[in-house]
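Student: I have a model open and would like to talk it through with you. Could you take me around it, one topic at a time?

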Amino acid sequence: MAVAANETRTDLRSLSALSDVGRALASGAELRASLERALEKLEQHRGIVRGAVFLLDEATADIGVEAAVGIPAEGLRARYKVGEGVVGRVVQSGRPVVIPATAREPL
């Protein structure tokens, strides 16, 4: 019975976090500000240390940081091409990736 109660609490926390992220994304007209609020909610609820949202500029085919938390200034200026590094491969494949330890990621 204790396991079921713990799972229920975990599910409720996850739903609460998802709800807060959804509200943050829907809360403003400016995309960057909404994305930053969503990342801050993930930082609050899920304990992310670093996170970023990258967007593809279709005119230049460059992929760049649109919003981030915990990323140093030089990381905010990063640009990638489709297929280049982890970010470029994610854009190319269309599949999400979670990298638990970026320092140990060879790409």
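## Salt bridges and surroundings

Tutor: Let us begin with Glu66, which counts as partly exposed at 21% relative accessibility, and keep in mind throughout that this is a predicted model.

Student: Which residue does Glu66 form a salt bridge with, and how far apart are the closest N and O atoms?

Tutor: The partner is Arg32, and the closest N and O atoms of the two residues are 3.7 Å apart.

Student: How many salt bridges turn up in the whole structure?

Tutor: The search finds 3 salt bridges. One of them joins Asp62 to Lys81, with the closest N and O atoms 2.6 Å apart. That pair also links distant parts of the chain, Asp62 being in strand β2 and Lys81 in strand β3 (residues 79-81), 19 residues apart. Asp62 is partly exposed at 25% relative accessibility, and Lys81 is partly exposed too, with a relative accessible area of 39%.

Student: Where do Arg23 and Asp20 lie, then?

Tutor: Both lie in helix α1, 3 residues apart, which is about one turn of the helix.

Student: Is Asp20 buried or exposed?

Tutor: Asp20 counts as buried, because its relative accessibility is 14% and the buried class covers values under 20%.

Student: Why would such side chains pair at all?

Tutor: As a general point, side chains of opposite charge can pair when their charged atoms come close.

Student: Back to Lys81 for a moment: how far is it from Gln92 in space?

Tutor: The C-alpha atoms of Gln92 and Lys81 are 9.3 Å apart, while the two residues are 11 positions apart in sequence. Gln92 sits in helix α4, and at 56% relative accessibility Gln92 counts as exposed.

Student: What about Val65, buried or exposed?

Tutor: Val65, a residue of strand β2, counts as buried at 11% relative accessibility. Val65 and Gly75 are 10 residues apart in sequence, and their C-alpha atoms are 8.3 Å apart in space.

Student: New topic: what is the phi of Ala61?

Tutor: Phi of Ala61 is near 65 degrees, a positive value in a residue other than glycine. For context, most residues other than glycine have a negative phi. Ala61 is found in the loop between β1 and β2, and at 34% relative accessibility Ala61 counts as partly exposed.

Student: How many of the lining residues are nonpolar, polar and charged?

Tutor: By class, the lining of the largest pocket has 24 nonpolar, 3 polar and 2 charged residues.

Student: And on the surface, which residues form a nonpolar patch?

Tutor: Leu12, Leu15 and Leu18 form a nonpolar patch there, and together they have about 330 Å² of accessible area. Leu12 lies in helix α1, which covers residues 2-26, and Leu12 is exposed, with a relative accessible area of 53%.

Student: Last one, zooming out: what pattern does the chain follow along the sequence?

Tutor: Read along the sequence, the pattern is α-α-β-β-α-β-α, which goes with a count of 4 helices and 3 strands in the protein chain. The C-alpha trace spans about 55 × 35 × 25 Å along its principal axes, and buried residues make up 18% of the 107 residues in the chain.

Technical notes:
Residues numbered from 1 in each chain as written. Predicted model: local features only at pLDDT ≥ 70, side-chain atom pairs only at ≥ 80, totals over all residues. Heavy atoms only, no water. Nonpolar A, V, L, I, M, F, W, Y, C, P; charged D, E, K, R; others polar. Patch = residues over 30% accessible without salt bridge, like charges linked within 9 Å, V, L, I, M, F, W, Y side chains within 5 Å. Areas by Shrake-Rupley, 256 points an atom, 1.4 Å probe, with all protein chains shown as cover. Salt bridge = Lys/Arg side-chain N within 4 Å of Asp/Glu carboxyl O. Helix = DSSP H or I, 4+ residues; strand = E, 2+ residues; numbered from the N terminus. Buried < 20%, exposed > 50% of the residue type's maximum accessible area, 1.4 Å probe, protein only.
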